Amino acid sequence: MAIVLLVAVVALVAAAEWPALARLSGERRRARERAQRKSTLRLVASDDTDDFARSVEADLAKLPTIDERDVRRPT
């Protein structure tokens, strides 16, 4: 009788925890798949930093500015 009750308790606990166990299994699988995808990635070195800096400077130069002397202050 005790063995039957023990098996019933184990089955009940397993049934109650099944969604959590399934979620953990899915998270591990996704983590493994992500690790595999990341292992195939490679870093591409580029010397375009000067082009980027020049582009930013050109964009900043095109922005309108306000000269302090042009701002009218109430007297």
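## Charges and surface of a predicted model

On the surface, R28, R29, R30 and R32 come together as a patch of positive charge. A patch takes residues with over 30% relative accessible area and no salt bridge, joining like charges within 9 Å and nonpolar side chains (Val, Leu, Ile, Met, Phe, Trp, Tyr) within 5 Å. Lys and Arg count as positive, Asp and Glu as negative, while His and the chain ends are not counted. R30 sits in helix α1, which covers residues 2-39.

This is a predicted model, in which local features need pLDDT of at least 70 and side-chain atom pairs count only at pLDDT 80 or more, whereas totals for chains, interfaces and linings use all residues. Residues are numbered from 1 along each chain as its sequence is written, and side-chain values use heavy atoms, leaving out hydrogens and water.

The protein has two helices and zero strands; these are DSSP runs (helices H or I, at least four residues; strands E, at least two). Of its 75 residues, 1% count as buried. The protein exposes about 7800 Å², and carbon and sulfur atoms supply 61% of that area (computed by the Shrake-Rupley method with a 1.4 Å probe).

L63 lies in the segment after α2 (49-62).

Which residue forms a salt bridge with D51? R54 does, with the closest N and O atoms 3.1 Å apart. A salt bridge here is a side-chain nitrogen of Lys or Arg within 4 Å of a carboxyl oxygen of Asp or Glu. A search of the whole structure finds one such bridge. R54 and D51 are three residues apart in helix α2, so about one helical turn separates them.

How open are these charged residues? The classes are buried (under 20% relative accessible area), exposed (over 50%) and partly exposed in between.

| Residue | Relative accessible area | Class |
|---|---|---|
| R30 | 48% | partly exposed |
| R54 | 52% | exposed |
| D51 | 41% | partly exposed |

Note on methods:
The place of a charge is taken as NZ of Lys, CZ of Arg, CG of Asp or CD of Glu. Buried means under 20% relative accessible area, exposed over 50%, partly exposed in between (1.4 Å probe, protein chains only).
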